[in-house]
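Here are a few notes from my pass through the model.

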Amino acid sequence: GAGYGAWLEYRGLKGEAAQTKYCRVIAPQERDIVMETAVAELARGLGHLFGQGEAAIVATTGSAGLSSSVAIGLWGDGTIVDELFRGTALPEPGGEGYAIRTDRETGGIAIGAASPIGALYGVFHLLRLLGTGRPVEALELVERPVNPLRMINQWDNMDGSVERGYAGSSIFYENNAFTSDTERLSDYARLLASCGINAISINNVNVHRHETMLITPALLPEVAKVAALFRAYGIRLFLSVNYASPLEIGGLVTADPLDEGVREWWRSAANGIYAAIPDFGGFVVKADSESRPGPFDYGRDHADGSNMLAEALRPHGGIVIWRCFVYDCKQDWRDRSTDRARAAYDHFKPLDGRFLDNVILQVKNGPLDFQVREPVSPLLGAMERTNQIIEFQIAQEYTGQQRHLCYLVPQWKETLDYDTHLKGEGSTVKRIVDGSLHGSRYSGIAAVSNIGSDDNWTGHLLAQANLYGYGRLVWDPELSAEEIAEEWIRLTFGGDERTAAVIGKMLMTSWEIYESYTAPLAVGFMVNPDHHYGPNVDGYEYSKWGTYHFADRQGIGVDRTTHTGTGYTSQYAAPNRELYEALESCPDELLLFFHHVPYTHVLHSGKSVIQHIYDTRFEGAARAEELKKAWDSLAGRIDARLHRQAVERLAGQVEYAKEWRDVINTYFYRKSGIADELGRKIY
Ligand code: BDP
């Protein structure tokens with residue numbers, strides 16, 4: 001169906017863009033599985049772009065004329081690629097990097113790399129240049145990924161459902177078994193590799209009965225087949241494991257990490273996994289969180305728990321990715337120590353230095369839970385002697401569930417650019433997660449996927465930009481959100497300038513629009529419990545899961561200061577600590593996260609909090625209508641089948657934005673008794 005090809009549709013090049021036709025691939029004769037993929041992708045991409053089916057593949061021997069050709073090879077493999085880079089000033093990158101250059105004499109292009117995966121990334125880079133209409137007559141470029149681990153987390157369950165999935169059902173499983181549609185899995189691997197992803201975990205972090213079995217001989221042959229599909233695209237496979245496996249499926253009476261029998265059980269489980277999948281990546285673990293089992297059940301801590309698994313994986317080169325999303329979901333707001341925002345730091349920071357070097361802690365970008373706006377988690381970078389990666393959520397759980405438009409790259413970028421000041425100025429999150437700030441052994445970025453069985457992968461067609469953008473940003477955090485958006489638009493819809501401008505603006509304003517009608521000033525969580533869609537003023541407010549906005553008739557917000565509140569601000573390094581602590585300096589956009597203020601409190605913008613609440617809801621709802629109009633204006637300019645896919649979603653967004661506006665405004669009008677200055681209708 002339309003949209004399935006996503007950004008790899010390779011709409012044929014027309015006119016000027018197609019001056020030079022590249023119709024031949026020159027490839028090394030010896031190719032491993034990934035090089036095979038690289039060569040096939042190149043032939044397929046060139047074929048589609050230049051409208052000739054599939055480009056011919058010729059062997060490098062005999063060095064066929066380079067003109068109209070793209071040659072691909074590894075450094076030192078004696079192919080024409082070696083010849084073409086010899087004597088140039090271009091460095092030859094190692095690892096997953098690559099270089100591309102155009103031979104001035106013949107106009108032929110060469111892609112060289114140290115590894116097949118580098119060559120594959122080089123292929124996708126060239127196809128991206130061609131597909132976005134960039135000139136290729138004089139290429140001289142070298143690229144390497146900034147982040148070593150570039151990971152996707154699937155939250156798929158074997159019954160076919162996807163936790164927080166908004167695009168149909170699982171493409172991996174149905175009826176408690178693997179699906180037979182391996183082609184779709186390969187197509188997914190292809191999409192991921194094309195934007196630089198190199199690791200994937202294939203089951204939900206909440207591991208239930210069936211998924212617990214994935215590490216057993218009964219299911220490993222199936223897992224191995226999936227691993228092979230992803231391997232062909234240079235992507236390593238991980239599994240989420242159930243911490244209580246020895247107890248639940250191993251016949252043991254405990255899962256205590258210090259119990260010798262338990263340790264032996266995991267060692268033998270690891271041996272079995274690696275016998276089936278020699279390049280298996282490792283485990284993703286959610287423990288002691290939201291009713292999942294973990295080391296706390298045995299009076300042990302998270303270093304004990306993760307190290308035990310790490311020891312079992314270590315002989316095989318595997319890693320443990322241990323999630324820090326640990327808090328007490330059965331708390332009530334007893335005292336300052338039960339502030340959920342504090343939990344990850346309180347649990348993990350004291351353990352710094354105790355983790356084995358094949359353990360990585362995975363920390364959500366914010367201290368709560370993927371809200372439209374949160375401060376950056378203070379745990380990021382706070383553990384100098386511990387490997388860390390950051391976790392984003394591409395799935396739009398709290399940002400419109402792929403029914404509303406919300407391009408998340410600007411949000412992620414803001415997080416990566418954030419300066420923690422942990423080692424003085426310039427201690428940005430991007431330098432923590434790329435490993436350079438603390439010299440970490442393992443580092444990188446992970447994110448929860450937003451795809452499912454829907455024809456166009458993401459339900460909302462424009463949500464594809466989030467998956468694409470995630471990969472591109474993780475590859476190179478210096479890319480701007482606009483650049484990434486523009487690439488995606490051109491690859492998806494073709495080269496029309498007006499289309500690029502209209503969709504570009506829609507994407508770039510969408511986060512702020514969504515924020516303004518839902519949860520400005522970082523108030524967070526005013527959603528329906530459980531499914532988390534749509535407004536609900538007090539949905540979670542009096543539940544055990546936590547208290548979030550503290551609205552009463554005087555004011556709103558959570559006092560997280562150290563002086564009078566929960567003490568959360570003390571988890572930040574200076575000067576961020578002071579910035580958030582003082583009401584005067586706390587940025588408006590984070591105000592209610594850090595302070596409880598009267599409705600009459602005046603923001604830096606000069607507006608009162610209550611007026612800001614009203615204005616943003618009215619503006620946000622109005623701007624949602626503009627999104628719809630902008631999209632409507634593209635009818636006839638872009639592929640009608642693609643256009644149709646977003647029309648209804650945008651119409652729905654307009655309606656839901658009004659609901660948000662009315663529910664929230666009414667609530668605060670009644671709480672505060674303060675009328676809207678502009679006298680607009682509040683129900
Ligand atoms: C929350 C989701 C929940 C996940 C949890 C997690 O609502 O479904 O299991 O995060 O990250 O955002 O473990």
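1. Which residues does Trp 266 touch, leaving aside residues up to four places away in sequence? In this predicted model, Trp 266 touches Ile 215, Val 241, Asn 242, Tyr 243, Ser 245, Pro 246, Phe 283, Met 308, Leu 309 and Ala 312.

2. Trp 266 also turns up in the largest nonpolar core, a set of 214 residues, where Tyr 188 and Trp 266 have the most contacts. Helix H3 (residues 116–131) supplies the largest share of this core, with ten residues. There's a second, separate core too: eleven residues, among them Ile 26, Ile 80, Val 81 and Leu 90.

3. On to the aromatics: the count comes to 37 aromatic pairs. One of them joins Tyr 514 and Tyr 517 edge-to-face, 5.4 Å centre to centre with 70° between the planes. Both sit in helix H15 (residues 497–518), three residues apart, or about one turn of the helix, and both are buried. Tyr 188 shows up again here, in an aromatic cluster with Tyr 4, Phe 172, Tyr 173, Phe 178, Phe 230 and Trp 457.

4. Two charges over rings are worth a look. Lys 364 lies over the face of Phe 325, 3.2 Å from the ring centre, and the charged end of Arg 403 sits over the ring of Tyr 533, 3.9 Å from its centre.

5. Last, Tyr 327, in the loop between strand E13 (319–323) and helix H10 (343–348). Its relative accessible area is 6%, so Tyr 327 counts as buried. Its side chain makes a polar contact with the side chain of Glu 290 at 2.6 Å, and Tyr 327 also touches residues including Asp 288, Arg 340 and Trp 545.

Note on methods: Residues are numbered from 1 along each chain as its sequence is written. This is a predicted model: local features need pLDDT of at least 70, side-chain atom pairs count only at pLDDT 80 or more; totals for chains, interfaces and linings use all residues. Side-chain values use heavy atoms; hydrogens and water are left out. Helices (H or I, at least four residues) and strands (E, at least two) are DSSP runs, numbered from the N terminus. Buried means under 20% relative accessible area, exposed over 50%, partly exposed in between (1.4 Å probe, protein chains only). Contact means heavy atoms within 4.5 Å. A polar contact is a pair of N or O atoms within 3.5 Å; within protein, one must be able to donate a hydrogen and the other to accept it, and residues adjacent in sequence count only if both atoms are side-chain atoms. A nonpolar core is a set of buried Ala, Val, Leu, Ile, Met, Phe, Trp, Tyr and Cys residues joined through side-chain atoms within 4.5 Å. Rings of Phe, Tyr and Trp (its six-membered ring) pair if their centres lie within 6.5 Å; planes under 30 degrees apart count as stacked, over 60 as edge-to-face and the rest as tilted. A charge sits over a ring if NZ of Lys or CZ of Arg is within 6 Å of the ring centre and within 35 degrees of the ring normal.
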